[in-house]
Amino acid sequence: MEPLLKISDLHVGFLSYAGVARVLNGIDIELFPGEFLGLVGESGSGKSLTANAVLGLLPARSAVISKGSIMFEGKELIGRSEKEFQGLRGKKISMVFQEPMNALNPSYKIGKQMVEILKLHKGLSNKEAKAEAVRWLTQVHIQNPEKVVKEYPYELSGGMRQRVLLAMALSCGSQLLLADEPTTALDVTIQAQILRLMKETADQLGTSVLLITHDLAVVAQTCQRVAVMYCGNIVESGPVTKVLREPRHPYTKALLKALPNPDSETELQSIPGSVPNLLSPPAGCRFHPRCDLVKKTCRELRPQLTTVSENHYVACWREEDHV
Amino acid sequence: MFKPLLSLQRVGKEFPARGTGKGLSYKAVNEVSLDICPGETVGLVGESGCGKSTLGYLVLNLLDLTSGEILFEGQNFANLNKDQQRALKSQIQIVFQDPQSSLNPRFKIEQIVEEPLRLNGWRDKQKRKERVRQLLDKVGLGEEYLARFPHELSGGQRQRVAIARAISLNPKLIVLDEPTSALDVSVQAQILNLLKKLQRDLNLAFLFISHNLAVVRHLSNKVAVMYFGRIIELADTNELFNNPLHPYTKVLLQSIPNINPEKPLLVEVEGEIPTLHKSPLGCSFHSRCSIANDLCREAGPELQFIKEGHWVSCNAMSRGRKE
């Protein structure tokens, strides 16, 4: 099967007064039609940046894509004009953000904001678009959709706003949904509702979802595959069951051990050190200064993703020792 | 049993509901009773807007009570004179969620940690400096941080500074208001381990406010669940997580995504958290409760003793007992 989205060897740098910050350092991601892929990692690892690169939303003045390609439906996205991206955004690729209050325009009613994109992308008349907006709000289980279209974002709760955003993202028939921490700002009971809704609707429409989150448990509950990012690299990727149960990369292992575990009272294991400065990242494997299995090669050469079992890839020099 | 260090007795806090024009008020905290013993951690969980932070501020005497009373070591704060109040205030400290905004950006770390000492009668400059060094050492920061500004530190280091400041006056109780919510999991693990260690060394009591149930479970001896201004269930940690009795607690526990992909999210609660404008009569949870009956719609239940170390506020419990 052809992947819907294929990012290969993507390098992104940011120009700053102190030099170039290499924030994406050759990442590879494949996303297949109808699939949920989780992209996890800590703050600053480059998760959101990856999504922004796909949508052509990197700041033109400071961000430089120095190498790599982003193929969507078999066509290259890098180098497209702003106008071409405008035709894609919201129509074929949509995004749901963490903070729905910031993603919605506070001075327009919900209905108007939904109608606007439906008219633009689907060429509907005002009346048709209004009916379509109400239909989509029903689809995302909003009670009283006729009332909600006449309300402003501030009149809705956080969960409702996120439902509206999801409806907007899917209403023009997007094949790819980029969800950037969609439930991080929500309470757990509401988070559970939104996750279930996302899964239901995406499955029903056959939409592929790239779910960006720092919460491994959210990934465990929604995704089929997961890619773990550290400092601009993908260090491990594979089926959720494999990666979470038999993690191979020391970073993935450490991340899982840092989570409070209800079954044990033991002291949490934190990862020593801190995330390196991207202006002068460590040579070789970027995780090596914090890794307890470090060896000579790790300090010198960057490990590539290699297959450890079916669909399970790890970028670590220690894998050599197992062979 | 220990004598409680802090005892809340039917504490209530109302805020005027502005803009309604009807002189209404909003009961942010409603008839809350809770004891905290020396050296103990009481977890306070609940969703946004349920009144957990307000309760924390009441404990710190940052807000005036509308009803009820708070006793600290048997003394009622309201009956003390200014000097006594001041002495008592130094016994209760707080660590906030976001160290970025709780540390003065124009102060060096040394000044930040020194300030409470300076304001509480530590006249000798040399002794103050000595104490600051000692405190930073306790939270795992070296002398090189003394002359730095908060913006030069990472989130985890800033939170360590906030903790050093909180323990500077040898308090007996620290209110921790979402101390790790702004941090990544690996750093969260460091901070939680630090808090545990300090608690052991200094015999501190914690009121640990969080919406993250896994973290609360890891740190707390007993847990109070708040919903809409009231404590609806209070139990020893293991008892609460293994044998939740209130329908809301059950829903809350089920909503936590599990790291094990084979334990799917169970049926979650429908509906949203009530707001001031839609405050329900009777039990505040009845609008979302699956076992609500007519009684629940009319009469709010009281917190009642179920067995040693377990209190619940639910009409269904008293029904079950009578039958």
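## Hairpin in chain A

In this predicted model, strands E1(A) and E2(A) form a hairpin, with 2 residues lying between them. Strand E1 (residues 5-16) of chain A pairs with strand E2 (residues 19-31) of chain A in the antiparallel sense, and 10 bridges connect the two. Within this pairing, Leu10(A) stands opposite Ile27(A) in E2(A).

## Sheet and helix in chain B

Chain B contains an open sheet of 4 strands, arranged in the order E2-E1-E4-E5 with antiparallel pairing. Strand E2 (25-36) and strand E5 (75-76) of chain B each have a single partner strand and stand at the edges, so one side of each is left without a neighbour in the sheet. Helix H1 (residues 52-59) of chain B packs on the sheet, where it touches E1, E2 and E4 of chain B, and its direction makes about 60° with that of E2(B).

Strand E1 (residues 6-16) of chain B runs antiparallel to strand E4 (residues 67-72) of chain B, and 5 bridges join them. Ser7(B) has Leu71(B) as its bridge partner in E4(B).

## Contact between the chains

Across the interface, 30 residues of chain B are in contact with 33 residues of chain A. On the side of chain B that touches chain A, helix H7 (185-202), helix H8 (213-219) and helix H10 (247-255) of chain B each supply at least two residues, and the largest share, 6 residues, comes from H7(B). Sorted by class, this side of chain B has 15 nonpolar residues, together with 10 polar and 5 charged ones.

Definitions and conventions. Residues numbered from 1 in each chain as written. Chains lettered and ligands numbered in written order. Predicted model: local features only at pLDDT ≥ 70, side-chain atom pairs only at ≥ 80, totals over all residues. Pairing = 2+ DSSP bridges. Contact = placed C-beta atoms within 7 Å. Axes fitted to C-alpha atoms, helices over the stretch in contact; angles between N-to-C directions. Nonpolar A, V, L, I, M, F, W, Y, C, P; charged D, E, K, R; others polar.
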